Amino acid sequence: MIILKAFKKSCVLVLLLLLLAGSNILYAQESTPNIFEITQNKDRRVTIPFKLINNLIVVEVHINNSVPMKFILDSGATGNIITSLYDEELYLNNVNTVRLAGLGEGTAIEAFQSLDNTIQIGDRIRAVNAEILLLKQDVFQLDTFMGTRIHGILGHDFFESFIVEINYSRKLLRIYEPNNFKEKFKELPEHRKWYELPMSVQDNKSYLNVGYKHKNGDEFIPLRLLLDTGASNSFSLYESMDESIKVPDVTINSIIGTGLSGKVTGELGRVQSMKVGEFIFEEPVVAFPDSHSVRRVLRVEDRKGSIGGDIFRRFKVIFNYGNELLYLRRNSDFNDEFYFNTSGIEVYTPVPDLPFYVVAYVREGSPAFSAGVKEGDVIREINGTRAVDLKMNDLINYLQYKKSKTISLKVERDSTVKNLSFRMDAQLVPDS
C-alpha cells in the first residue's frame, strides 16, 4: 500500500478544446481489465447525475474509500487515470512506475500503476481489483479550463461493463446490467425516435463509420472515427490518414487540445457536412490536428479521427459495447449551430472553483490581438457582466462566435484597469 498526498500544480496554458482521445497507454507491465458491477440485486439499473462542463461529463468517484473526486467519463481513454490531486490523501495498492504516451508533441511521461483498488461510483456501482494510473506530472491541467477541480479520467472499462445511457439534456446517466435488459434493447430500434448504429469495439476503444463531405457536390466518403466522450469538440479528422480528407482553404491555426504527450496543435475549419447514421450535420467546425501531434495514434490505430461531445450532446446516447451497437435519439439541442472561439483568447482559472479568469494566450492576428488584449490580463468584466458572476461555461459562450457581435472587456494589467473592445466575425466557411 502507498499513501499519496497532493502534488504541487503549476498554472499553464488553458485549452478550451480538449482532446483526450488517443490516450494510448504504453507500459511494460501487464494490466488487467477493471470489471464494474452493480451491487444489490433489487434493480439491475442505476441512475447517476453528472455535471456537463464544456461538453464533457463529470461524475463523482471514490477510490479506496477516498473523499469524493471528480472524473471525466471518457470513452476514448483506455484506462482509469488520476491526472491531479489537491489536498486529498489517497491510498493506492501495489504500485509500479510505468511510462505512458498518447496525443501530443512531447515524449512519453511517467506514472504510477496501481493494482487491486476499489472504485466506487454512487452507492451501487463498484469495481474491485481495479487498475489505476496516477500521473507524476499533471500534463492535462484539466481544472484550468474546466473552472473546477478535476481529478482524472474514467475510461473504457466502465463502458465495457454496462449498457450506458447518457441523457445530456437532463444530465443523467442510466446504467444497465446487460444480461437483465436484453429484450429492452432488442425492442428499442422499433421506437420511431431511436436509431441503431453498428459500432466496432477494438483494443479497448469504440469506433463508428461516418460519412464525410468536404465541399458541396462531393459524395459522402466513409471514415472510421473513434467515439470519444472525452473530447469537447464535434469532429476531429486526420488528414495524413486518408487522402480524401482535405483541410479547408479557410482555417484558424490553433492549439486545439492536450494529450498525454503534450500540446495538440492544428487547424480549425468548416467542412460541407458530416453524416452519422441518418443524421446529417451541415457545415460543422472540425479540428485537423497536425500529423506530428497524433503520430503515436497513427502508428497503432486504423482510425481517421474522432467524434466528440459537441455531437453527442445533441442526442440521448446509449453505448452497448456487448452487442457493438450505438443508439441515438436526438434532443432539443440537435439543431444548434456549430460555434467556435473566434475571439482569439484562451482563458484559464489559476484557482479552481473560484471565478477568477486570466488570459493565457492570444492568437496573433485575431480580433482580441488587434484590440490589444495581452497574455496575463485578468478579466474583470465582459459585456458589462462581472467575471465573478460567471462560470467557466458562461465565459466560453461569450468567446464563441454567434452571428457576429462585439465583445467589450474590462481587464486589469499591472494594477491598471483597461477597457478594450473588438468585433467577432465569422471567419470559417467551407470550400465551395
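Begin by selecting aspartate 203, which is found in the loop between strand E16 (200–202) and strand E17 (205–213). Helices (H or I, at least four residues) and strands (E, at least two) are DSSP runs numbered from the N terminus. The model is predicted, so that local features need pLDDT of at least 70 and side-chain atom pairs count only at pLDDT 80 or more, while totals for chains, interfaces and linings use all residues. Residues are numbered from 1 along each chain as its sequence is written, and side-chain values use heavy atoms, with hydrogens and water left out.

Aspartate 203 is not a glycine, yet its phi is positive, at about 50 degrees. Its relative accessible area is 59%, and it therefore counts as exposed; the classes are buried under 20%, exposed over 50% and partly exposed in between, for a 1.4 Å probe and protein chains only. Select asparagine 204 next, in the loop between E16 and E17. Asparagine 204 also has a positive phi, near 70 degrees, and is partly exposed at 35% relative accessible area. Most residues other than glycine have a negative phi.

**The whole chain**

Now display the entire chain, which has seven helices and 33 strands. Of its 432 residues, 58% count as buried. Among contacts (heavy atoms within 4.5 Å) with a separation of 6 or more, 70% are between residues 24 or more positions apart.

**Tryptophan 194**

Tryptophan 194 lies in the loop between helix H3 (182–187) and strand E15 (195–198). With 8% relative accessibility, tryptophan 194 counts as buried. Which residues does tryptophan 194 touch, not counting residues up to four places away in sequence? They are Leu188, Pro189, Lys316, Ile318, Tyr327, Leu328 and Arg329. Lysine 316 is 122 residues from tryptophan 194 along the chain, and their C-alpha atoms are separated by 9.1 Å.

**The nonpolar cores**

A nonpolar core is a set of buried Ala, Val, Leu, Ile, Met, Phe, Trp, Tyr and Cys residues joined through side-chain atoms within 4.5 Å. The largest one has 71 residues, of which Ile125, Phe158, Ile175, Phe235 and Phe319 touch the most other members. Strand E11 (residues 125–135) provides the largest share of this core, five residues. Centre the view on phenylalanine 235: leaving aside neighbours within four places in sequence, its contacts include Val210, Leu225, Met274, Phe281, Val286 and Ile311. Apart from this core lies another, of 21 residues, among them Val347, Tyr357, Leu420 and Met424.

**The salt bridges**

A salt bridge is a side-chain nitrogen of Lys or Arg within 4 Å of a carboxyl oxygen of Asp or Glu. The whole structure contains ten of them. Select arginine 149 and aspartate 87, whose side chains form a salt bridge at 3.3 Å, N to O. This pair links distant parts of the chain, 62 residues apart: arginine 149 is in the loop between helix H1 (142–146) and strand E12 (152–154), and aspartate 87 is in the loop between strand E7 (81–82) and strand E8 (89–92). Arginine 149 is partly exposed, at 29% relative accessible area, whereas aspartate 87 is exposed, at 62%.

Next select aspartate 310 and arginine 313, a salt bridge with its closest N and O atoms 2.8 Å apart. Aspartate 310 is buried at 11% relative accessibility, and arginine 313 is buried at 13%. Then turn to arginine 386 and aspartate 389, which meet in a salt bridge of 3.1 Å, N to O. Arginine 386 is partly exposed at 45%, and aspartate 389 is partly exposed at 47%.

**The largest pocket**

The last stop is the largest pocket, with about 800 Å³ of space. On a 1 Å grid over the protein atoms alone, a pocket is an open set of points where a 1.4 Å probe fits, with protein on both sides within 12 Å along at least five of seven lines; lining residues have an atom within 4 Å of a point. The volume is the space filled by probe spheres set on the points, which are joined across faces, edges and corners. Of the 39 lining residues, select Asn54, Asn55, Tyr339, Ile396 and Gln400, the closest to the pocket centre. Strand E20 supplies the largest share of the lining, five residues.
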